[in-house]
Amino acid sequence: MEHKHITEKTAPASNGIVMLLTILLGLILSTAAFVFGVIDLSSMHYVAGGILLGAGIVGWIVFCILCGGLKNINPNEALVFTLFGRYYGTLKEPGYYFVNPFCTAINPAVTNSISIKANGENNVAVNTFTKKISLKTMTLINTKQKVNDALGNPIIIGVNVIWHVEDPTTAVLNVENYNKFLSVQCDSVIRNIARLYPYDTMEEDTDEKTLRGSSQEIAETMTAELLEKVRNAGLVIEEVRITNLAYSEEIAAAMLQKQQAVAIIAARQKIVEGAVSMVKMAIDQLGEEDIVVLDEERKAAMVSNLLVVLCGNKDAQPIVNSGSIY
């Protein structure tokens, strides 16, 4: 079933300062009427005293009810009102207003706790003392969520989401709790995106995107997808930042050994390439300058010795041959 879209409108409101002065004057007059009514009753003027006393009591009740219509809105705040179950209007401009005192400001995101947690990790700070909706830029912290990458390896990934409420009416009326909604959608996006990329690749000459090597591009993809998911809640995602990325504990040691092995192989490959080049250069120069003439067997022995010296992990111990090499 498709949700009915509610078009935002400005709530009917008047100047709060003028209305505050009016209410204060009314309370003063009601108090005076009550006092004079008591005096008249004590003076046996029952009719006049009863009228003044009743007017004073009614005046106090009415003006106390009117006090509930005074609303103060700070910059980057909003109030969404309903009247007897129907959407009444929204106030977003800062100022001091008077609205229908029977209107109710609603904000489902207000709870009895200081933070809202999802999966024990996500948290969004909320104000528990007001129904005002903050339009300021806020941060949702999603820390250390375990997901599987494209290769099936369990990894730990955490992100920070920079966001703000753009349409307070939609945020309040379209979803049950826009803070929780954002938190759940953030979890979903992280899992959907992280499983499309490997944590890292062991190949050097590759353009494949990885979570570690292309974190900025992947964060931008997360931003676009999360923005699309929360658009119907009146929220805007400014940025998603990957703040934590690592292999899960159960495979971290094994993956470290694998990375070390790849690094050692790559280093050995470079060493062998350099050693072969040096050996070839040495043999070519010996032959060109006629320093010594070696047959194929002696060349093979010389190549073997040079490779052992150049590729060995330890320093070679020289042996001086004082006799004939033949």
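**Overview of the chain.** Buried residues, meaning those under 20% relative accessible area with a 1.4 Å probe and protein chains only, make up 33% of the 326 residues in the chain. This is a predicted model, in which local features need pLDDT of at least 70 and side-chain atom pairs count only at pLDDT 80 or more, whereas totals for chains, interfaces and linings use all residues. Residues are numbered from 1 along each chain as its sequence is written, and side-chain values use heavy atoms, with hydrogens and water left out. The chain holds 7 helices and 12 strands, which are DSSP runs (helices H or I of at least four residues, strands E of at least two) numbered from the N terminus. Of the contacts in the chain (heavy atoms within 4.5 Å) with a separation of 6 or more, 65% are between residues 24 or more positions apart.

**Close-up of the crossing of helices H4 and H5.** The axes of H4 (residues 178–194) and H5 (residues 215–230) come within 10 Å and cross at roughly 135 degrees, where axes are lines fitted to C-alpha atoms over the stretch in contact and angles run from 0 to 180 degrees between N-to-C directions. That angle makes H4 oblique to H5, a class left over once angles under 35 degrees are taken as roughly parallel, over 145 as roughly antiparallel and 65 to 115 as roughly perpendicular. Among the residues that make the contact are Phe181, Leu182 and Gln185 of H4 and Ile218, Thr221 and Met222 of H5.

**Close-up of the largest nonpolar core.** A nonpolar core is a set of buried Ala, Val, Leu, Ile, Met, Phe, Trp, Tyr and Cys residues joined through side-chain atoms within 4.5 Å, and of the 37 residues in the largest one, Val161, Trp163, Val165, Tyr178 and Leu235 touch the most other members. Elements giving two or more residues to this core include strand E3 (77–83), strand E11 (154–165) and strand E12 (235–247), while its largest share, 7 residues, comes from H4.

Leaving aside residues up to four places away in sequence, Tyr178 touches Asn107, Ala109, Ile133, Trp163, Val165, Ala171 and Leu235. A second, separate core of 11 residues includes Ala11, Phe81, Val99 and Cys103.

Leu41 lies in helix H1 (residues 16–42) and is partly exposed, with a relative accessible area of 28%. Leu41 and Leu52 are 11 residues apart in sequence, and their C-alpha atoms are 9.6 Å apart in space.

Key
Buried < 20%, exposed > 50% of the residue type's maximum accessible area, 1.4 Å probe, protein only.
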